[in-house]
Amino acid sequence: MISKLDDYPIHQTAEPVAQTATSDRFTYDRFWYNGHAKDSAFYFGIGLCRYPNLGIVDCSFSVVVDGRQYAFHGSRRASDEPMDLDVGPFKLSILEPMGRHRLVIESNDTNIECDLVFTPKTGVIPEGRQTLRNARHVVMDATRIDQFGHWQGSISVEGRTIAVNSETTFGLKDRSWGIRPVGAPYEGGAPLDSFQAVHFMWLPIHWENRCTLAGWFEDDSGYQWHTDQAIAPIHAEGESIPVNDPAMTLWQGCVGHQLKFKPGTRQAESGTFLMNHKNGEQIEITVQPVLLHRMKGLGYMHPEWGHGKWHGELVIAGESWNCDDAPPLNLENIHIQQTVVARCGDEVGYGVLEQLHIGPHAELGFKDWFDGAE
């Protein structure tokens with residue numbers, strides 16, 4: 001199974017690139033992006049993923065504006081060419097690797113369209129390898145890279161056009177690949193208690209002269225079994241950004257946090273976060289959430305459009321809902337990102353706070369799998 005990628009010196013095994021090195025059917029390779037206005041007038045997210053051992057490519061585009069969330073979903077049979085990134089009217093283009101990317105959603109029956117170009121302003125942040133096991137097998141084993149940038153273009157929902165200006169629309173590109181739960185769960189064998197508490201938070205912030213990233217996983221006791229922290233300088237010219245920026249700093253240490261939750265939810269109303277480096281350096285960031293986006297708009301825990309599900313040779317669909325109408329503790333609604341205004345000393349920044357809290361957590365005050373804050 002030879003593809004165009006085989007013409008590049010990138011092989012990691014004796015197989016062609018299109019032949020994955022593992023038979024695990026949870027193998028995935030994902031593009032993910034977000035974008036948000038400086039004044040939080042809108043937020044949008046983009047996802048596209050190829051599942052080589054499932055033979056599926058799926059995608060989503062989701063935007064929140066004026067109290068309503070809109071979502072485009074698409075899925076098709078994967079071709080033999082890994083660089084084939086079209087799903088019907090959804091067309092993702094890599095204009096330059098580790099550089100500009102473009103998403104076009106052409107006119108279609110969902111009445112959701114866009115033409116957006118992402119331009120980076122930092123080098124690439126390599127997150128640490130994320131590995132999680134249950135009692136019997138690997139649940140997640142993934143590599144992730146992040147790159148801050150900005151967006152230019154337009155979005156159309158139900159005939160309304162939203163202008164996206166690069167001066168006031170911040171964003172981030174997130175690429176990840178490896179193994180994570182997608183599609184139908186494993187079946188057969190001796191019964192296995194597969195439920196594990198997972199608490200994930202992610203805080204990428206755009207400041208005037210730098211970008212900071214903090215992300216971490218915790219178990220139900222508050223133990224941080226994985227953390228990522230980075231400080232990335234901003235470059236004015238996207239074409240000259242070094243991929244591996246020598247001026248970037250990666251920290252090692254735990255992330256302190258104090259959260260105030262909206263009663264009856266697992267959604268932060270405010271928060272203070274302390275980035276810590278092993279050499280004693282610290283950065284304290286306070287955030288005030290503004291606009292809520294539910295990640296089910298990008299397929300996460302979506303009851304119908306969850307990742308890696310077979311829908312047919314080519315299927316697209318659209319949906320929308322009032323943001324205040326979604327029950328906040330339903331599994332499909334519990335994974336969220338909120339735009340935030342951040343402060344660090346005299347600095348003011350703009351970014352997002354992502355939260356996924358499933359299960360109990362003593363420090364956060366959750367006693368059961370899906371109880372809300374008091």
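Is Asn-244 buried or exposed? At 67% relative accessibility, Asn-244 counts as exposed; here exposed means over 50% relative accessible area, buried means under 20%, and partly exposed lies in between, with a 1.4 Å probe and protein chains only. The legends below describe a predicted model, in which local features need pLDDT of at least 70, side-chain atom pairs count only at pLDDT 80 or more, and totals for chains, interfaces and linings use all residues. Residues are numbered from 1 along each chain as its sequence is written, and side-chain values use heavy atoms, with hydrogens and water left out.

**View 1. Asn-244 in its loop.** Asn-244 sits in the loop between β16 (224–233) and β17. Strands are DSSP runs of E with at least two residues, numbered from the N terminus. Asn-244 and Val-124 are 120 residues apart in sequence, yet 6.1 Å apart in space, C-alpha to C-alpha.

**View 2. An open sheet of 9 strands.** Follow the order β17-β16-β15-β14-β23-β22-β20-β19-β18 to cross this open sheet, whose pairing is antiparallel. Two strands count as paired if DSSP finds at least two bridges between them. β17 (249–251) and β18 (256–261) stand at the edges with a single partner strand each, so one side of each has no neighbour in the sheet. On average, neighbouring strands of this sheet are turned by 20 degrees against each other, direction ignored; the angles are taken between axes, lines fitted to C-alpha atoms, and in general run from 0 to 180 degrees between N-to-C directions.

View 3. β18 is joined to strand β19 (residues 268–276) by 6 bridges, and the two run antiparallel. Look for Lys-260 opposite Ser-270 and for Leu-259 opposite Gly-271. In a regular strand, side chains alternate between the two faces of the sheet. β18 has a covered face with His-257, Leu-259 and Phe-261, while Gly-256, Gln-258 and Lys-260 make up the uncovered one. The hairpin of β18 and β19 has 6 residues between the strands, and Gly-264 in the turn has a positive phi of about 80 degrees.

**View 4. A polar contact at Asn-276.** Asn-276 belongs to strand β19. With 18% relative accessibility, Asn-276 counts as buried. A polar contact of 2.7 Å joins the side chains of Asn-276 and Gln-282. A polar contact is a pair of N or O atoms within 3.5 Å; within protein, one must be able to donate a hydrogen and the other to accept it, and residues adjacent in sequence count only if both atoms are side-chain atoms.

**View 5. The covered strand β23 and its two neighbours.** How many residues of strand β23 (residues 347–358) are buried? The count is 10 of its 12 residues. Strand β14 (residues 198–206) runs antiparallel to β23 and is joined to it by 7 bridges, with Ile-205 opposite Gly-351. Strand β22 (residues 336–344) also pairs with β23 in the antiparallel sense, over 9 bridges, and here Ile-336 stands opposite Gln-355. The hairpin of β22 and β23 has 2 residues between the strands, and Gly-345 takes a positive phi near 65 degrees.

**View 6. Two cavities inside the model.** Rolling a probe the size of a water molecule over the atoms shows where empty space is left. The whole structure holds 2 cavities of 30 Å³ or more. On a 1 Å grid over the protein atoms alone, a cavity is a set of points where a 1.4 Å probe fits but cannot get out, and lining residues have an atom within 4 Å of a point. A volume is the space filled by probe spheres set on the points, which are joined across faces, edges and corners. The largest cavity holds about 110 Å³ of space; of its 18 lining residues, Asp-58, Cys-59, Ser-60, Leu-298 and His-307 are the closest to its centre. The second largest cavity has a volume of about 40 Å³, and its lining includes Thr-265, Pro-328 and Ile-336.

**View 7. Two loop residues with positive phi.** Most residues other than glycine have a negative phi. Asp-66, in the loop between β3 and β4, has a positive phi of about 55 degrees although it is not a glycine. Asp-66 counts as exposed at 61% relative accessibility. Met-98 lies in the loop between β6 (90–94) and β7 (101–105), and its phi is near 60 degrees. At 34% relative accessibility, Met-98 counts as partly exposed.

Methods:
Helix = DSSP H or I, 4+ residues; strand = E, 2+ residues; numbered from the N terminus. 1 Å grid on protein atoms, 1.4 Å probe; cavity = no way out; pocket = protein on both sides within 12 Å on 5 of 7 lines; lining within 4 Å.
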